[in-house]
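Here are my notes on the model you sent over. Have it open while you go through the points.

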Amino acid sequence: VYNIAELADDLGLATNAEPGAVIAHAYRRRGAAMLDDLRGAFALVAWNGDEQAGIVAVDQLGVRSLHFVDTGGTLSFSTEIHTLLQLLPRRPAPAHIAVIHTLSGSPLPGDMTLFEGVRRLEGGHFLDLNRQWTKRRYWAPHYRPPRGRTRSECADAIGEAVASAVRRRMHGSEQLGIIM
C-alpha cells in the first residue's frame with residue numbers, strides 16, 4: 001500500500017506507523033469501506049475479534065494474488081497456491097477447462113485456477129468473513145469523459161504522474177533499475 005502514510009495521517013496516527021497497525025485501525029473504523037482508500041498492490045486480511053468478522057482482499061487490479069477454497073464449510077486461503085494446496089485434506093483434481101485454456105495459451109476465465117474448486121480472488125474484490133463468507137466487489141473501473149486540456153497540459157499531467165509513480169516505488173530504496 002503506497003499511500004499508508006497519508007492514510008495514517010487521515011486516521012490521526014503517526015505517518016511512520018506500522019502499515020499493519022494503520023490497516024487494522026482503518027478496518028476498525030470503517031470496515032470494508034476502508035478498501036476504497038488503499039492504493040497499491042496488496043493482498044490483506046483484516047479481522048475484528050470483537051465482532052468475529054473480517055475481510056480478505058486484494059488490490060483493485062489484482063496485481064497480488066490470493067487463492068481460496070471452501071471445503072465442507074471451511075474456508076482456506078493463501079497468497080500462494082502451493083501453500084493453499086498443502087492446507088487441504090487432499091489435492092483437488094485438475095480443472096479440465098482451465099487446463100485447456102492453459103495449453104492453448106489463453107488466460108483463465110474469471111476466478112478459475114488449474115485446480116477444481118480452488119478460485120483466485122479477482123482484482124477489486126474481497127471475501128466478507130462473517131458467519132458465512134461472501135465474495136463482494138468493492139471497486140470497478142468507470143469511464144470519465146476527458147477534461148478539456150491542451151496538448152501541453154496533458155503532457156505535463158503525464159509527466160507528473162510518471163514522476164509520482166517513480167517516487168512511490170523508490171520510497172526507502174537506494175537501488176533503481178529500468179527495464180526496457
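1. Where is Thr-79 found? Thr-79 sits in the loop between β4 (74-78) and α3 (81-87); helices (H or I, at least four residues) and strands (E, at least two) are DSSP runs, numbered from the N terminus.

2. A word on the basis: this is a predicted model, where local features need pLDDT of at least 70, side-chain atom pairs count only at pLDDT 80 or more, and totals for chains, interfaces and linings use all residues. Residues are numbered from 1 along each chain as its sequence is written, and side-chain values use heavy atoms, with hydrogens and water left out.

3. Back to Thr-79: is it buried, partly exposed or exposed? Thr-79 counts as partly exposed because its relative accessibility is 40% (buried is under 20% relative accessible area, exposed over 50%, partly exposed in between; 1.4 Å probe, protein chains only). Setting aside neighbours within four places in sequence, Thr-79 is in contact (heavy atoms within 4.5 Å) with Ala-43, Ser-65, Leu-66 and His-67.

4. Have a look at Gln-52 too, in the loop between β1 (43-48) and β2 (53-58). The phi of Gln-52 is near 50°, a positive value in a residue other than glycine. Most residues other than glycine have a negative phi.

5. Of its 180 residues, 29% count as buried. Along its principal axes, the C-alpha trace of the protein chain spans about 55 × 50 × 40 Å.
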